[in-house]
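Subject: Structure handover

Hello,

Here is the structure for you to look through. My notes on it follow below.

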Amino acid sequence: LARGPVVPPTRSSEGFLREFLRELQYGQGVTLARSSPNDQYLAMARAVRHYLMADWLETARRRREHPAKMVGYLSAEYLLGRQLDNALLATDMVDIVQEALAECGISLDTMRAQEVEPGLGNGGLGRLAACFIDSLATLDVSCVGYGIRYEYGIFRQTFVDGRQVEVPDTWLSFGNPWEFPHPEREVEVNFGGHTEQYTDEDGRERTRWIPGWNVLGVPYHYMVPGYQNGVVNTLRLWSARATHAFDLQIFNSGDYAEAVRAQTFAENITKVLYPEDSTPQGRELRLQQQYFFVACSLKDYIDQTLPPDFDLKRLPDQIIFQLNDTHPVIAVPELMRLLIDDKGMEWDEAWEITQKCFAYTCHTLLPEALEVWPVELVGRLLPRHLEIIYGINERFLEQVREAFPGDELRVRRMSIVQDHPFRAVRMAHLATVAGAKVNGVAELHSQLLRDKLLPDFAQMYPDKFTNVTNGVTPRRFVRQANPALSELISEAVGPGWERDLSRLSGLESFAEDPEFREQFRQAKQANKERLRALLLVRDGVELPEGHLLDVMVKRLHEYKRQSLKLLHVVTLYESIRSGEVAAEDVTPRTVIFGAKAAPGYHMAKETIALINAVAKTINADPAVKGRLAVAFPANYNVTLAETLIPAADLSEQISLAGMEASGTGNMKFALNGALTVGTDDGANVEIRQLVGDDNFFLFGMSEPEVAALHASGYVPSQVYADNPRLKRVIDLIASGAFTDGDPGRVSAFVDDLLYNDRFMALADYQSYIDVQERIDAAYADTEAWTRSAILNVARAGFFSSDRSMHDYLDRIWGAGIRL
Ligand code: 26W
């Protein structure tokens, strides 16, 4: 027994009950009779874990014994969502567990509700990382996800008088049954100090880094189960600890309080996730986080994962590190440092290896979202890395001068180190120079990346640039979030589509079947009822019945244009109030917003306050009752998304064209049978191409039109003056009609629209109102709408993150990664 493979517990409700009660009694130390729901949740989660353990150990053994090239996914964020249901689905244990719990008088739904989701990410980028590791496990690709175990994830959003107030996310305070700490695998990470030259035994001039201080990284392992395939990969999240030296200091100095303070200082590094998702603050602690987790990850891989005598010349055959945006890019000089300073390699050889070990994914087009780190800061925190970055830059600029003689302007544009407006390292340039490949996240984005964001680099390295359109995991976002639709799909196309989403195309012909359409509507209706029940207990919100459910959920950002959606809501309201249209002629609609604002993003917070103010006024006005309602549940997160998205009729994807890199919520909505109203932006372009113009509501300027308007000079106040309807709407807001008669509370919002409007909401206003009128009419034709909704599902199989992973394998990670 001791020498054989790990034997999983019996797969039956009796078997599970035994595991559960053992965990409850011996793990939690309580009897069933005296156990709290939290005791029960922790015990059952650990019992579920038992069923994954044999596969986890077996997967690890298989990967050790048949070493194939591995993907090291480096991401500062993983927005995982709740783990329990995911594990139950991966092990196909829902029924067994439900039955066992029923024996104890416990409901599975109560257990589900106990879990606080690990919110270790901001939005799209973090959720994408979570979808990708899910898909890699399902495809049995060897992958380790590396990241940070933040003690506090994305803040919990509350509203006080309609304004956002952030509350710390204490996700770990009731215990976390999903993680495995490995303090024995701790690694040391250095910071600060200085460098010095010395001559080694062979008489070679070398550099060494004399650090000023250090911390320890303790890995916490998470299981990443594939979908019912016996594969369990690993997510390795790092947590900062004080080095043991601090313990000694207590004895040496006798200053206990000072020693403890130092400990706190070290542990601050992984204390909290930065909640800014577009404007990097250039904060020292953030750079510490970035270096901390990549230094831990590289060291862990080289010293603990590779065989002890491994020849590092062959490193590129063993690993490809995918850089999820620029956040982990400090890994590039770190690998150079390891190879040169620690392993004694020459620069050219180290650089050749490094260039093959990294690939870079860019997730933005906003210039202000590109990270630059002040040279002063990098030099103080990572003096050796700064020297290496200068070394990389020097050799790179030589190549630029060779390729484009006499073009010093270009040299300055391309330099990894900028001089103006302040001396700083441009992380995107470093990533592009070092990466074997650079990819955008949707066709349009990758095109704009080449043409607008990094054109000099695309010219110099045309073959480096490629596209991989994002995707989402069908396990969580269809199978788990939408059981009603999932059942219908299985009946129509047979089981197994969860692992081959292209099979959704089999639904195509069912769009013509009236009986299927009726079942499809019933599934949507069931999801709406589930949402109503949730919002009632979660937010005390009572959703009206029988409405078109119009949903805009995503981070609050000006470029995403929640402001434009708000102008539409106020337009509907104003047209009923003014008597321009009779209330009974209006298609009943409930608009749901969900959005967190970065705590320091003033305009975003003003927009939240205004949405809440508008909602309050509209929902209290009998003149529009039953016709128009607005809901803004606080704290939109993965868990809420899983109930909201399957209930939606209309998906709002209304960013200014050329601004949203891809979007992934857009894909989740389409896969759940919502129709999209959207601009030609990000992955909307591909969604529209696939579902067809008849099943997509396109509006607004195209990216070239945006560029042209920009060039010709955009004057938003002129648009306002020229459009009487828009003028009435803005005037109504400006009058204080939604803010208890106080115009002061809306002036920042209104003035920005009229005199700045960087993202051209007013320019797209009329087009948006027009398309929404078409939507009202289309929704009234129930059969045609359902047909379109089914075709959205049938034609959206492309947006599985499994397909994205195949594209990464083909275009970026290359041969040698076993499938
Ligand atoms: C503070 C620095 C910073 C800058 C950018 C933090 C985080 C970011 C991210 C790039 C923001 C982000 O999540 N981008 C989104 O990435 C998604 C996945 O590729 C895309 O679908 C979204 O369009 C993009 O906005």
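**Helix packing: H22 and H29**

H22 and H29 are roughly perpendicular to each other (angles from 65 to 115 degrees count as such; under 35 is roughly parallel, over 145 roughly antiparallel, and the rest oblique). Their axes come within 10 Å and cross at roughly 95 degrees. Axes are lines fitted to C-alpha atoms, for helices over the stretch in contact, and angles run from 0 to 180 degrees between N-to-C directions. H22 covers residues 562–577 and H29 covers residues 724–734. Helices (H or I, at least four residues) and strands (E, at least two) are DSSP runs, numbered from the N terminus.

Before you go on, note that this is a predicted model: local features need pLDDT of at least 70, side-chain atom pairs count only at pLDDT 80 or more, and totals for chains, interfaces and linings use all residues. Residues are numbered from 1 along each chain as its sequence is written.

Which residues meet between H22 and H29? From H22 come Leu567, Val570, Thr571 and Glu574. From H29 come Arg725, Arg728, Val729, Leu732 and Ile733. Contact here means C-beta atoms, placed from the backbone, within 7 Å. By class, this contact has five nonpolar, one polar and three charged residues. Ala, Val, Leu, Ile, Met, Phe, Trp, Tyr, Cys and Pro count as nonpolar, Asp, Glu, Lys and Arg as charged, and the others, Gly among them, as polar.

**The six-stranded sheet**

Six strands form an open sheet in the order E22-E21-E20-E23-E24-E25, and the pairing is parallel. Strands E22 (628–631) and E25 (697–698) stand at the edges with a single partner strand each, so one side of each has no neighbour in the sheet. Two strands pair if DSSP finds at least two bridges between them. E21 (residues 589–594) and E22 pair over four bridges, in the parallel sense. Valine 591 has valine 630 in E22 as its bridge partner.

H22 packs on this sheet and touches E20 (548–553), E21, E22 and E23 (650–653). The direction of H22 makes about 150 degrees with that of E22. Helix H23 (residues 602–620) lies across E21 and E22, at about 145 degrees to E22.

**The three-stranded sheet**

A second open sheet has the order E15-E17-E16, with antiparallel pairing. Its edge strands are E15 (372–374) and E16 (417–418), each pairing on one side only. E16 and E17 (residues 424–426) pair over two bridges, in the antiparallel sense. Valine 425 in E17 is the bridge partner of valine 417. Helix H16 (residues 427–434) packs on the sheet, touching E15 and E17, and its direction makes about 45 degrees with that of E17.

**Domains and ligand**

The domain assignment gives domain 1 (1–66 + 84–114), domain 2 (67–82 + 117–469 + 806–813) and domain 3 (474–799). These bounds come from an automatic or database assignment. The centres of domains 1 and 2, over C-alpha atoms, are 34 Å apart.

Where does the ligand lie? Domain 2 and domain 3 both give residues to its shell, so the ligand lies between them. In all, 21 residues surround the ligand, and the closest are Gly124, Leu125, His363, Ala661 and Ser662. The shell divides into six nonpolar, 11 polar and four charged residues.

Best wishes

Methods:
Near = placed C-beta within 6 Å. Contact = placed C-beta atoms within 7 Å.
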